[in-house]
Amino acid sequence: MTRFNFFIAFLSGLFALSSCGDSSVSEKTRLKNNFHIEGQIKGAANQKFRIEAQSQQGVIDVAQTVTDANGNFKLDGNIPGMGIYSLSIGENGKNAVVIPMDLNDHIVVNSTKETFAVNPVFSGTKWAKPLTKYMQLFSILAQTQADQLPKIKDPEQQLKLFAQLKKPIVNFAQKQIRKEPENPVNIILLNLIMPSQETGFTDWDPRNLEDMKKVETAFQRNYENSPITGFLSQQIAAIDAQYQSYQQYNSGTMAAPEIALKNPQGKELRLSSLKGKVVLIDFWASWCMPCRKENPNVVRMYKKYRSEGFEVFSVSLDQDESAWKAAIDKDGLSWPNHVSDLMGWQTPLTQTYGFQSIPHTVLLNREGNIVGVGLRGTQLEQKLIEQLTKK
């Protein structure tokens, strides 16, 4: 998943609106127009201009018109309330931009056909200026990302560079949210301060959660009847709960649940037998390519820190015993602690340890308590060294 695909996933849950069409549709349904949009899209002569919303039943046409010979247009329509909508120019709907539209908005948009989806200029509403700024920063980020990230082959270094490149747009989002928590543009900006799928809560600023709750409170006060407000509350509650669990998992106060499974030779091995050492529980499988790519890093750390009291306890989610054994040999996983119930994703350990994807790592201190979850690469090694040097 790309860095901003979560934006699409987040917004898809917000598309729960029903609405009516253009002026002709409004006449048919006898609904009063409650928004107006106009502007000029240079180079888009006689092109269809469309406003759409998503619902559980699919795409809903809110309003549409055709630009004149100079790309000018005016359009009125009806919406049920504040929400996320899509503006598009042309026939295929790919030249589109997402906006947060509210009741009685009088929107002005100016652009060219070529830059419409990446750098339009909005005015006339309270969300217009911050959305325009966001689009400008996003356009710069996308271009810089395309130029620089392909030059770096190491995924971990790519993540670090991306985090650095993203700082200007994240800083903008934080300032804007704190300045105007009630602004509809925050539906879009909130994505920038949510924990990412790649790094989770690692290096995540917990003040972001406070900002999210401010937006939630403001939306409950200003947009109580909007479906977005309820959905937003659910999302923030879920993130809050996950963050509390993350803190607990990394506090060193939670004992790791016992794992007692058989090794490739049929002998039962117990995780608790390694108490007194710093242990990495590594959930993996022979068929998992990201796991296999990460294995050399685990092998390197095992060889480097084994003498200092580091052990690896590998738990395979394989179902094919021969494939499991072959992968251990091929990847040189030389530690003795390999176990599996050969149940694949049906293993109860996914529930016990709360994970839905692999590779998944859990680092234990010498007391057998969890001190890190989901760590890989440099972050894992730094946490490992920290635990090994503790007296």
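In this predicted model, the crossing of helices α8 and α11 is right-handed. Helix α8 covers residues 289–305 and helix α11 covers residues 377–388. Their axes lie 11 Å apart, at an angle of about 20°. Angles under 35 degrees count as roughly parallel, so α8 is roughly parallel to α11. On the α8 side, the residues in contact are E294, N297, R300, M301, K304 and Y305. They meet G377, L380, E381, L384, I385 and L388 of α11. By class, this contact has six nonpolar, two polar and four charged residues.

Next come α6 and α7. Helix α6 spans residues 207–222. Helix α7 spans residues 227–249, 23 residues in total. From first C-alpha to last, α7 reaches 33 Å, close to the 33 Å expected at 1.5 Å a residue. The axes of α6 and α7 come within 10 Å and cross at roughly 155°. Angles over 145 degrees count as roughly antiparallel, so α6 and α7 are roughly antiparallel to each other. Their crossing is left-handed. From α6, the contact uses L209, M212, K213, V215, E216, F219 and Q220. From α7, it uses I228, T229, L232, S233, I236, I239, D240 and Y243. The tally for the contact of α6 with α7 is nine nonpolar, three polar and three charged residues.

An α-helix has 3.6 residues a turn, so residues three or four places apart point the same way.

A further helix pair is α3 and α4. Helix α3 runs over residues 128–148, and helix α4 over residues 155–179. They pack at about 175°, with axes 10 Å apart. The two are therefore roughly antiparallel to each other. Helix α3 contributes P130, K133, Y134, L137, F138, L141, T144, Q145 and Q148 to the contact. Helix α4 contributes L161, F162, L165, K166, P168, I169, F172 and Q176. These residues divide into eleven nonpolar, four polar and two charged.

Finally, turn to a strand. S314 lies in β12, residues 310–316. Buried means under 20% relative accessible area. S314 has 1%, so S314 is buried. Leaving aside residues up to four places away in sequence, S314 touches D282, W284, W335, N337, H338 and V339.

Conventions:
Residues numbered from 1 in each chain as written. Predicted model: local features only at pLDDT ≥ 70, side-chain atom pairs only at ≥ 80, totals over all residues. Heavy atoms only, no water. Axes fitted to C-alpha atoms, helices over the stretch in contact; angles between N-to-C directions. Helix = DSSP H or I, 4+ residues; strand = E, 2+ residues; numbered from the N terminus. Parallel < 35°, antiparallel > 145°, perpendicular 65-115°, else oblique. Left-handed = near helix turned anticlockwise from the far one by under 90°. Contact = heavy atoms within 4.5 Å. Nonpolar A, V, L, I, M, F, W, Y, C, P; charged D, E, K, R; others polar. Buried < 20%, exposed > 50% of the residue type's maximum accessible area, 1.4 Å probe, protein only. Expected span 1.5 Å × (residues − 1).
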